[in-house]
Amino acid sequence: MIALSQGRLQDRRPLSIVDIGSNSIRLVVYEGIARSPTVLFNEKMLAGLGRGLVSTGRLDPDAVTRAMQEFRRFRALSEQAGAEELHVIATAAAREAENGHDFIHRAEQVLGTEIRILSGREEAYYSALGVISGFHAADGIAGDLGGGSLELVDVTGEAIGDGITLPLGGLRLQDMAKSSFASATKIVREQIARAELLHAGRDRHFYAVGGTWRNLARLHMNTTGYPLAVMHHYEMNIASSVPFLQKVARGEIDKIKGIEGVSKARRALLPYGAIVMLEIIAAMQPSNISVSALGVREGFLYSLLSEDEQRIDPLISASEELALLRARSVTHARELVAWTGEALAAFGIAESDDEVRYRQSACLLADIGWRAHPEYRGTQSLNIIAHASFIGVDHPGRLFLALVNAFRNDGVFSDTIAPELKALATPRYVDRARLLAAMMRVVYLLTASMPGVMPRLRWEKRDGGALALVIPSDLADLYGERPVGRLAQLSKISGRTLELVVA
């Protein structure tokens, strides 16, 4: 038996999903079924199965040949990665082509498993589940743009409304318009007029799903010099994005700064993605565009969870997993969650629902950098957290988590910590990050980063609104000048009179 690295969660059973799309086919091997899934292996091929489908009614023959060869490789890779299950889903091109069923039959023989051909309604449903799984309290319209079709569906919390499938996938639109952007605009406008559900999306989020839109967002990041290269929950302001989308829709992509960051194989479909996005914006008038890194594939994975597992907060789940894998004590991290909550209550500081979630996550992540040299722990931890594959957190919240760890390691009064990233967090989050880090810097000196002490520390009110952090008498030897000094820092940041006492 091959031993797993200790960097792996030992109780997970890997599984694979092969996603057969109109433009790309992809294998993803997941560490296991989890609320916040971790990818063990990921490989994509831009096969272009749906190229020419409108004019011929059939899958592209060269793409079919290449896909079959890749399926053999995908099956071998899945087995090599130790996947115990292989799920295969297929979307628009396979369900609509004259030779789609023959292709699926051949693919089933190669992959050694049954392939599930999703209807347009099912594709919209799983895409919506992907958004629900990736965004906390999602509220808006999810739009999944593939190579063959566009699925639109209303999402509110965990509720999924009726969806619609439109023939506006990038490859299909390119074919229907005969590579004319003007014709494509006319086709899109006529089709989007059918999507009455968009009217209910006014002043709500539009969740953009699919490779073409992710690459549009990547180009937008490059153009604007956005400092955080994390795709999930990247938000595009409508007013500033429309001129950018209009330029792309005219096919002027080679003149756009940062186009080298988008693969050449993806560039040809960017104008069609921009055309569709512009018409959606005109019809829906959303508050913003939120890019989702999760779609049909992750929605299908989410559907395999129990209802109890689906209700787990993915940010907290992922943070706890990192604490289990990288912190000195996950129990200490959990105690920190409880203790900081008690401290904020003692200070009379209220938290919003998201602030509670983010504080809990920051506490779970507080010690993940301990193996690094002390001079680099803050920077290393900030980079790990800022760029982690977290879901259920927006970019300002992500930077709050990273800043807490940086301040906790590098000092709460440091002004040199990643200024370009700090600018993405709100001033309130920066202040909260300093406060939470200051609390951590006190309590870590009283616990040696090990569990058992924090539950015994308590806050007591003193005259004049002062507060005392009380160490029980049998732990009196933990009292010292360094914890007293750290408490003085916390006093300065919180604006409260604080003292450390033994009783």
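# Notebook: pockets, cavities and salt bridges

**Entry 1, largest pocket.** I looked up the largest pocket and found about 740 Å³ of space in it. The model I am reading is a predicted one. I counted 29 lining residues for the largest pocket, and Val39, Asn42, Ala293, Leu294 and Glu298 lie nearest its centre. Strand 2 (25–30), strand 3 (39–45), helix 8 and helix 12 each supply at least two residues of this lining. Helix 8 gives the most, with four residues. Sorted by class, the lining of the largest pocket has 12 nonpolar, nine polar and eight charged residues.

The largest cavity holds about 420 Å³ of space. Its lining has 29 residues, and the closest to the centre are Asp19, Ser24, Asp144, Gly146 and Gly211. I traced parts of this lining to strand 6 (139–145), helix 8 (211–224) and helix 12 (296–303), each of which supplies at least two residues. By class I wrote down seven nonpolar, 13 polar and nine charged residues for the largest cavity.

I put the volume of the second largest cavity at about 100 Å³. Among the residues that line it are Leu344, Glu351, Arg359, Phe400 and Tyr429. Helix 16 (353–365) and helix 20 (427–447) each supply at least two residues of this lining. The largest share, five residues, comes from helix 20. I found six nonpolar and four charged residues in the lining of the second largest cavity, and no polar ones.

Side chains of opposite charge can pair when their charged atoms come close. I searched the whole structure for such pairs and got 33 salt bridges.

I looked at Arg12 and Asp11, whose closest N and O atoms are 3.8 Å apart in a salt bridge. Is Arg12 buried or exposed? Arg12 counts as buried because its relative accessible area is 19%, and the cut-off is under 20%. Asp11 counts as exposed, at 63% relative accessibility.

I then checked Arg456 and Asp474, which form a salt bridge at 2.7 Å, N to O. The pair links distant parts of the chain, 18 residues apart. Arg456 is in the loop between helix 20 and strand 12 (458–461), and Asp474 is in the loop between strand 13 (467–471) and helix 21 (481–494). Arg456 is partly exposed at 38% relative accessible area, while Asp474 is exposed at 53%.

The last pair I looked up was Arg458 and Glu460, with a salt bridge of 2.9 Å, N to O. Arg458 is partly exposed at 37%, and Glu460 is partly exposed at 26%. I also noted one network, in which salt bridges with shared partners join Arg95, Glu96, Glu123, Glu151 and Arg172.

Note on methods
Residues are numbered from 1 along each chain as its sequence is written. This is a predicted model: local features need pLDDT of at least 70, side-chain atom pairs count only at pLDDT 80 or more; totals for chains, interfaces and linings use all residues. Side-chain values use heavy atoms; hydrogens and water are left out. On a 1 Å grid over the protein atoms alone, a cavity is a set of points where a 1.4 Å probe fits but cannot get out, and a pocket is an open set with protein on both sides within 12 Å along at least five of seven lines; lining residues have an atom within 4 Å of a point. Grid points are joined across faces, edges and corners, and a volume is the space filled by probe spheres set on the points. Ala, Val, Leu, Ile, Met, Phe, Trp, Tyr, Cys and Pro count as nonpolar, Asp, Glu, Lys and Arg as charged, and the others, Gly among them, as polar. A salt bridge is a side-chain nitrogen of Lys or Arg within 4 Å of a carboxyl oxygen of Asp or Glu. Buried means under 20% relative accessible area, exposed over 50%, partly exposed in between (1.4 Å probe, protein chains only).
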